[in-house]
Amino acid sequence: MTFDAEQFKENLTARLRRQYGKDISQANKHDLFDAVSASALEIIMPNWMETRKAYEAKPTKQLCYLSAEFLMGRALSNNLINSGIMDQVKEVLKGMNINYDLVEDEEPDAGLGNGGLGRLAACFLDSLATLEYPGHGYGIRYQYGMFEQHIEDGYQVEYPDNWLKHRDPWEVKRSDLSVSVKFGGQIKYGKTPDGQDRFYLENAEEIIATPYDMPIVAYGSNTVNTLRLWQASSPDGFDLQLFNDMQYHRAVERQNDAENISRVLYPNDNGPMGKELRLRQQYFFSSASLQDLVHHYVNTVGTDFSKFHEYHVIQLNDTHPVVAIPELMRILLDEYNVGWDDAWNVVTKTFAYTNHTILAEALEKWPIDVFQRLLPRVYQIIEEINRRLVIELRQKFPEDYYNQNHMAIIHDGKVYMAWLAIHAGFSVNGVAALHTELLKTQELKNWYALYPEKFNNKTNGVTQRRWLLSSNPELAEFITKRIGHGWEKELSLLKGLEKYVDDEASINELIAIKRHNKEKLAEYLKHTQNEFLDPESIFDTQVKRLHEYKRQLLNVLHIMYEYNRIVEDPNYNPPAHTYIFGAKAASGYRRAKAIIKLINAVADRVNNDRRVRGKLRVVFVENYRVSVAEKIIPASDVSEQISTAGYEASGTSNMKFMMNGALTIGTLDGANIEIVEEAGEENAFIFGLKADEIIKMKSEHSYNPQKYLDRNPQLAKVVNQLVDGTYDPSGMLFKEIHDSIVYGVEGQPADVFFLLADFDSYCQAQEKIAKEYADQKTWARKCLMNIANSGKFSSDRTIEDYVKDIWKLKKVTVK
């Protein structure tokens with residue numbers, strides 16, 4: 001992009017003078033951030049407009065990436081780097097005596113996602129733009145994001161994540177493109193003038209969806225794609241008559257109900273009201289996005305929808321947006337009088353579905369009564385889709401009544417959204433080789449038997465622009481000095497670093513970079529949490545969503561074991577080890593929140609015991625988010641990827657750690673398998689049962705966790721310490737965790753995630769880490785081998801795979 005330093009300075013100065021007069025030195029950090037961002041957006045804006053013009057000038061197939069979350073993080077640094085103007089902006093600010101780092105730190109994270117699902121969506125948008133593909137994201141403009149996590153007395157406490165407290169300078173409101181989304185009402189039947197059946201809603205609740213656009217800036221090209229986010233409001237939300245009658249709460253009731261839709265990411269859905277709100281959210285953004293796509297198509301192509309799939313492909317990011325399938329049917333049937341068969345032909349050529357998990361609770365199912373009451377016409381369409389599917393199932397499995405019943409989209413009083421996605425989509429993909437194989441042979445094997453041609457694998461990736469170039473500039477410079485530029489857009493070029501594995505100067509420089517990153521993280525945590533970390537210690541990190549299958553509990557049980565060992569054995573003298581956790585537990589996930597309390601209880605005891613000082617420390621990083629990950633990942637020595645084998649679809653933090661030179665301790669699960677294939681098992685620490693072993697034990701009901709307690713007294717002691725008063729005087733705080741391991745709770749068998757079976761193997765892997773870390777140069781060589789072989793895990797490669805096999809997009813170069 002063209003950068004005019006004088007014009008940028010003039011625009012920035014003018015903005016600040018409007019608030020502060022001539023003395024702009026008095027500007028506070030937020031106003032500086034706002035002014036710098038708005039001035040940078042002015043530079044980006046012409047390319048944004050040119051991108052839209054390029055897509056309109058030569059209509060081509062465009063991707064709609066439909067997702068409930070986009071975990072964007074901060075925009076300023078990423079946009080400046082991708083635009084190629086970071087150095088020039090810093091130079092201008094330096095000349096104005098403005099510290100860029102302070103300005104950057106003032107930006108809140110865009111609170112639009114929770115974990116890997118949302119961050120993957122953000123990486124995909126970055127890669128689509130960089131690779132010059134016409135692809136856009138659609139989601140919700142959450143007012144408060146998920147939540148801001150505070151740790152109070154060791155407990156997770158949720159506060160509003162008010163990331164929009166100030167205006168977001170990177171978004172553009174598009175009121176001219178608002179659409180109406182309807183809930184409830186009664187279905188009415190009539191006839192069109194030419195005698196066709198016509199259905200429509202009466203007395204429905206109307207919600208206005210207003211789009212806000214964010215620029216997605218390409219690296220190294222002029223493309224600027226769009227993330228369009230919808231905000232909910234009521235068309236008649238304020239009742240003046242009620243207000244004048246002094247019924248103030250009722251006067252704004254409709255507006256509040258409407259705004260609740262876009263208020264919070266993933267509200268607690270343990271109760272019926274929470275379930276209804278979640279479904280309202282999903283239909284809201286899916287319907288608004290489809291209306292947007294259809295209006296655009298009609299305006300540019302016309303009402304011959306037989307060509308719709310030639311101009312649009314819609315990727316469903318997990319089951320959250322699957323209601324878009326019957327919604328597109330509704331729009332075509334009811335608003336454009338397309339016949340059923342023709343409408344279904346459009347739908348089945350347009351939608352593709354990505355499955356992100358094998359966990360049954362994540363394959364969404366909606367109670368019929370909730371779905372039918374909230375979306376009566378959409379439910380009616382699903383009933384017809386299901387009726388036709390059941391006929392197909394009876395033909396395919398004539399004597400198999402189990403499949404006929406359990407593969408129906410509607411059964412057992414629920415609507416099965418994953419089944420709808422598989423049936424209607426033209427592609428179904430997993431996100432790592434093992435995950436896809438398990439879908440085909442285990443979790444979705446009946447569907448694979450029905451539609452084998454639909455199933456394929458697309459191993460996830462992350463964007464190296466944010467997770468290496470931006471977040472780890474010293475390592476990025478180290479790489480560029482050795483192999484030159486180009487890796488920023490072709491990560492496989494990192495393979496050229498292998499020839500420096502035995503170069504002592506390179507190894508020493510790599511050690512120094514890691515040390516400096518550790519010092520920066522230590523300083524950050526000292527400033528924000530009053531935590532004191534020793535950069536000489538092993539930084540052993542597990543940062544990700546808190547879920548039992550990810551086994552943060554295995555990690556903390558090992559820490560308890562290690563603590564006991566140091567205290568009880570005066571001859572045991574391991575190297576200093578700092579265990580770093582960062583995670584949010586879903587607000588309604590009781591046991592996950594108890595694990596957070598346990599981690600903090602262990603930290604409180606360990607960190608205040610002089611007997612282990614200098615040997616062992618535990619840190620829980622509060623309010624884990626993208627901007628914090630950008631500090632933690634470059635500083636980490638060890639990457640904890642320890643999910644129960646067969647449960648983690650892919651993982652993406654494992655990829656970020658790998659390309660930043662952390663060594664993986666992990667099971668052969670998700671993308672860990674492919675990481676080891678690329679970098680070599682000798683450059684990781686693999687432990688535990690394999691997926692097929694776990695599947696066998698589950699199918700045979702042969703797993704007996706008690707035998708592991710009987711044969712390992714140290715493990716038995718650790719598990720008993722959950723309830724014997726060691727970490728909680730009452731012995732009750734962690735009783736449910738204890739019982740879930742030893743006895744089983746809530747109808748589940750004991751130790752569902754095989755913690756005890758993998759404990760010894762995990763301890764041995766940790767001992768190997770301690771031993772090998774002592775030889776810093778050998779350790780650094782392993783780190784360099786990981787960096788050099790991380791090329792496969794760029795989201796650029798993933799996007800090219802999607803384009804080739806699923807989306808069939810063509811590049812559009814913006815001049």
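Trainee: How do the residues of the lining of the largest cavity divide into nonpolar, polar and charged?

Mentor: There are 14 nonpolar, 6 polar and 8 charged. The sorting is by residue name: Ala, Val, Leu, Ile, Met, Phe, Trp, Tyr, Cys and Pro count as nonpolar, Asp, Glu, Lys and Arg as charged, and the others, Gly among them, as polar. Bear in mind that this is a predicted model, where local features need pLDDT of at least 70, side-chain atom pairs need pLDDT 80 or more, and totals for chains, interfaces and linings use all residues. Residues are numbered from 1 along each chain as its sequence is written, and side-chain values use heavy atoms, with hydrogens and water left out.

Trainee: What makes something a cavity and not a pocket?

Mentor: Both come from a 1 Å grid over the protein atoms alone. In a cavity a 1.4 Å probe fits but cannot get out, whereas a pocket is an open set of points with protein on both sides within 12 Å along at least five of seven lines. A residue is part of the lining if one of its atoms is within 4 Å of a point. Points are joined across faces, edges and corners, and the volume is the space filled by probe spheres set on them.

Trainee: How many cavities of 30 Å³ or more does the structure hold?

Mentor: The count is 5. The largest cavity has about 320 Å³ of space, and 28 residues line it, with Met72, Gly73, Arg74, Ala75 and Met214 the closest to its centre. Helix 2 (29–57), helix 3, helix 6 (116–130) and strand 9 (205–217) each give two or more residues to that lining. Those labels are DSSP runs numbered from the N terminus, helices being H or I of at least four residues and strands E of at least two.

Trainee: What is the volume of the second largest cavity?

Mentor: About 120 Å³. Its lining has 15 residues, and Glu548, Ser740, Val752, Phe753 and Leu755 lie nearest the centre.

Trainee: And which residues are closest to the centre of the second largest pocket?

Mentor: That pocket has a volume of about 1,700 Å³. Of its 50 lining residues, Asp101, Glu104, Ser470, Ser471 and Pro473 are the closest to the centre. Helix 22 gives the largest share of the lining, 7 residues. By class, you get 15 nonpolar, 16 polar and 19 charged.

Trainee: Why is the Arg174 and Asp176 pair called a salt bridge?

Mentor: The rule asks for a side-chain nitrogen of Lys or Arg within 4 Å of a carboxyl oxygen of Asp or Glu. Here N to O is 3.1 Å, so the pair meets that rule. By this rule the count comes to 55 salt bridges.

Trainee: Are the two partners buried or exposed?

Mentor: One of each. Buried means under 20% relative accessible area, exposed over 50%, and partly exposed is in between, with a 1.4 Å probe and protein chains only. Arg174 has 18%, so it is buried, while Asp176 has 58% and is therefore exposed.

Trainee: What does the salt bridge of Glu276 with Arg373 tie together?

Mentor: The closest N and O atoms of Glu276 and Arg373 are 2.5 Å apart. Glu276 lies in helix 10 (residues 272–300) and Arg373 in helix 14 (residues 368–374), so the pair ties together parts 97 residues apart in sequence. Glu276 has 23% and is partly exposed, and Arg373 is partly exposed too, with 47%.

Trainee: How do you know that Asp341 and Arg388 form a salt bridge?

Mentor: Their closest N and O atoms are 3.3 Å apart, which is within the cut-off. The partners sit in helix 13 (residues 340–350) and helix 15 (residues 376–396), so parts 47 residues apart in sequence are tied together. Asp341 is exposed, with 55%, and Arg388 is partly exposed, with 34%.

Trainee: Why is His320 called buried?

Mentor: Its relative accessible area is 10%, so it falls in the buried class. His320 is in the loop between strand 11 (312–317) and helix 12 (324–335). Contact here means heavy atoms within 4.5 Å. Leaving aside neighbours within four places in sequence, His320 is in contact with Ala68, Leu117, Tyr266, Gln282 and Glu364.
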